[in-house]
Amino acid sequence: MKKTALIEEVATALFEAESTGTEVDKFTTVYSELDAKLAYQISERLIEIKCETGQTRIVGRKLGLTSEAKMKQMNVDEPCYGTLLANMACTENEPISLANLIHPKIEPEIAFIFNRSLEGPHITVPQVLEAASYITPALEIIDSRYRHFSFTLSDVIADNASSSRYIIGDQFFKPTEFNLALMGMVFKKNGKIVSTGTGAAVMGHPARAIAWLANKLSQSGKTIQAGDVVLSGALAGAIDIQPNDHVSVSFDGIGSVSASFCP
Ligand code: OOG
Ligand code: MG
């Protein structure tokens with residue numbers, strides 16, 4: 001199949017899967033030529049379709065598979081990124097409906113907010129910390145469009161890194177004032193601790209994941225832009241969510257954020 005036709009076919013199928021809340025089979029089993037580079041082109045087309053039809057816009061990026069815990073859980077051994085859209089943002093105050101989701105999971109993250117752009121390919125951790133205006137706790141809801149939440153690196157890249165919804169805290173902190181590698185984290189569901197961790201779980205330092213992103217984006221002529229929200233990737237494994245669940249993440253020194261769910 002021609003590349004352009006394949007991009008269109010897979011992007012459309014993933015868009016349909018999300019719109020109708022129906023899972024699909026992995027595409028790499030059918031298209032052996034589907035490598036990471038082609039997968040990023042598919043995800044770009046998918047985002048285009050979403051922006052056109054959903055009247056939404058790009059508000060940032062998210063890292064995926066930046067911790068050992070996540071790589072083991074998903075059986076993929078490389079990080080990836082996806083794009084955050086305005087209509088994925090949720091707030092703490094309103095229960096999030098799970099009605100249109102396939103098999104949602106939630107995971108604890110640190111969000112970075114930028115007030116100036118960050119252009120790869122030679123971005124380092126100190127440059128990330130300098131360019132980021134704020135950090136705040138975040139929860140990401142992922143919902144792979146693939147059957148049994150099972151995929152290869154290329155499949156998950158095409159599927160916008162399983163992005164579904166996200167919630168960020170409402171208190172913002174200067175990242176240079178903390179040792180993010182040593183920052184403790186407690187992740188809870190319905191009042192019970194699910195996991196604990198430290199920032200170092202994400203590539204040794206969460207800002208290293210952001211540097212990886214800036215450098216990766218530069219390969220396709222893109223940058224982290226002023227105003228972008230960037231999720232640096234889950235510190236711990238994702239957990240299933242059901243209606244009436246209440247989930248929270250707290251970090252040492254930067255507070256917490258929570259999410260509740262309804263049918
Ligand atoms: C892929 C997305 C992973 C993270 O924070 O590691 C991710 C997935 O697990 O479905 O968002
Ligand atoms: Mg995530």
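Counting Ala, Val, Leu, Ile, Met, Phe, Trp, Tyr, Cys and Pro as nonpolar, Asp, Glu, Lys and Arg as charged, and the others, Gly among them, as polar, the shell around ligand 1 splits into nine nonpolar, three polar and five charged residues. The model is a predicted one, and every value here is computed from it.

Start with who sits around the ligand. There are 17 residues around ligand 1, and Lys62, Leu65, Lys70, Glu107 and Ser162 come nearest. The largest share is that of β1, with three residues.

Ser162 places a polar side-chain atom 2.6 Å from an oxygen atom of ligand 1. Glu109 has an N or O atom of its side chain 2.9 Å from an oxygen atom of ligand 1. As for cover, ligand 1 on its own has 320 Å² of accessible area, and the protein covers 100% of that. The space that ligand 1 takes up is also the largest cavity.

Then there is the metal. The magnesium ion (ligand 2) is coordinated through OE atoms of Glu107, Glu109 and Glu140, at 2.0 to 2.1 Å. Along the chain, the donors of the magnesium ion follow the spacing E-x1-E-x30-E. Distant parts of the chain are linked this way: Glu107 belongs to strand β5 and Glu140 to strand β6, 33 residues apart. Two of these glutamates come up with ligand 1 as well: Glu107 is among the residues that come nearest to ligand 1, while the side chain of Glu109 has an N or O atom 2.9 Å from a ligand 1 oxygen.

Gly120 and Pro121 are joined by a cis peptide bond, with omega at about 15 degrees. Pro121 itself lies in the loop between β5 and α4 (125-131). The other one is Gln55, a residue other than glycine with a positive phi, near 50 degrees. Gln55 is found in the loop that runs between α2 (36-54) and β1, and β1 is the strand that gives the ligand 1 shell its largest share.

Conventions:
Residues numbered from 1 in each chain as written. Chains lettered and ligands numbered in written order. Predicted model: local features only at pLDDT ≥ 70, side-chain atom pairs only at ≥ 80, totals over all residues. Heavy atoms only, no water. Near = heavy atom within 4 Å. Polar contact = N/O pair within 3.5 Å; in protein donor to acceptor, adjacent residues only side chain to side chain. Areas by Shrake-Rupley, 256 points an atom, 1.4 Å probe, with all protein chains shown as cover. 1 Å grid on protein atoms, 1.4 Å probe; cavity = no way out; pocket = protein on both sides within 12 Å on 5 of 7 lines; lining within 4 Å. Sits in = over half its atoms within 2 Å of the grid points. Helix = DSSP H or I, 4+ residues; strand = E, 2+ residues; numbered from the N terminus. Donors = N, O, S within 2.8 Å, 3.2 Å for Na, K, Ca; no water.
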